[in-house]
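Student: I have a structure open and have not looked at it before. Can you walk me through it?

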Amino acid sequence: MREIGSAVRPAGLSDVPALVEVLRLPEPSAHQILRPEPSAQIHTVVLGEARGRGVGSALLDAANRWAVEHGLSYLSADIHHRNASAVRFYRRHGYAPSGTSWVRRPAG
């Protein structure tokens, strides 16, 4: 596996149209009450022709190894609840809902 900035790509997937980006979050402050642990968000992209071939699983495995090597306590992935295939994919890999996201559209 080689690191490309914050993007991680397993060896052997250099020609596959897919990428996982690992964005390390700032160290939590002492007063952080939700998750006072080092963490990162991940974003995966696997284009259509590469889907169903284990590419996404390989990307998540690479992101997990990167997180362990960098001393992170957890990874999070923002997934819209209506994206049923992504929800199933991440659940199969041990991800679970955590907390609630609050959003607001800007007025204007």
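**A pocket, a helix and a core**

Tutor: The second largest pocket holds about 510 Å³ of space. A pocket here is an open set of points on a 1 Å grid over the protein atoms alone, where a 1.4 Å probe fits, with protein on both sides within 12 Å along at least five of seven lines. Grid points are joined across faces, edges and corners, and the volume is the space filled by probe spheres set on the points. The model is predicted, so local features need pLDDT of at least 70 and side-chain atom pairs count only at pLDDT 80 or more, while totals for chains, interfaces and linings use all residues. Residues are numbered from 1 along each chain as its sequence is written, and side-chain values use heavy atoms, with hydrogens and water left out.

Student: Which residues lie nearest the centre of that second largest pocket?

Tutor: Thr44, Val46, Arg51, Ala86 and Phe89 do, out of 22 lining residues, a lining residue being one with an atom within 4 Å of a point. β4 (39–46), α1 (55–69) and α2 (84–92) each give two or more residues to the lining. Helices (H or I, at least four residues) and strands (E, at least two) are DSSP runs, numbered from the N terminus.

Student: And how many of the lining residues are nonpolar, polar and charged?

Tutor: The lining has 10 nonpolar, eight polar and four charged residues. Asp, Glu, Lys and Arg count as charged, Ala, Val, Leu, Ile, Met, Phe, Trp, Tyr, Cys and Pro as nonpolar, and the others, Gly among them, as polar.

Student: Back to α2. Which of its residues are buried?

Tutor: Ala86, Phe89 and Tyr90 are buried in α2. Buried means under 20% relative accessible area, exposed over 50%, and partly exposed in between (1.4 Å probe, protein chains only). Down the axis of α2, the buried residues fall within an arc of 90 degrees, so they line one face of the helix. The arc is taken from the directions from the helix axis to the C-beta atoms.

Student: What is on the face turned away, and what covers the buried side?

Tutor: The exposed residues Arg91 and Arg92 are on the face turned away. The cover over the buried residues includes β4 and α1.

Student: What does Tyr90 touch?

Tutor: Setting aside neighbours within four places in sequence, Tyr90 is in contact (heavy atoms within 4.5 Å) with Ile42, Thr44, Leu60, Ala77, Ile79 and Tyr95.

Student: New topic: which residues touch the most other members in the largest nonpolar core?

Tutor: Val22, Ile42, Leu75, Tyr90 and Tyr95, in a core of 18 residues. Such a core is a set of buried Ala, Val, Leu, Ile, Met, Phe, Trp, Tyr and Cys residues joined through side-chain atoms within 4.5 Å. At least two residues of this core come from each of β3, β4, α1 and α2, and α1 gives the largest share, six residues.

Student: Where is His81, and is it buried or exposed?

Tutor: His81 sits in the loop between β5 (74–76) and α2. His81 is exposed, at 61% relative accessible area.

Student: And Asp61? Where is that found?

Tutor: Asp61 is in helix α1 and is partly exposed, with a relative accessible area of 41%. Asp61 and His93 are 32 residues apart in sequence, with 9.0 Å between their C-alpha atoms.

Student: Last one: in what order do the elements run?

Tutor: From the N terminus the order is β-β-β-β-α-β-α, with two helices and five strands in the chain.
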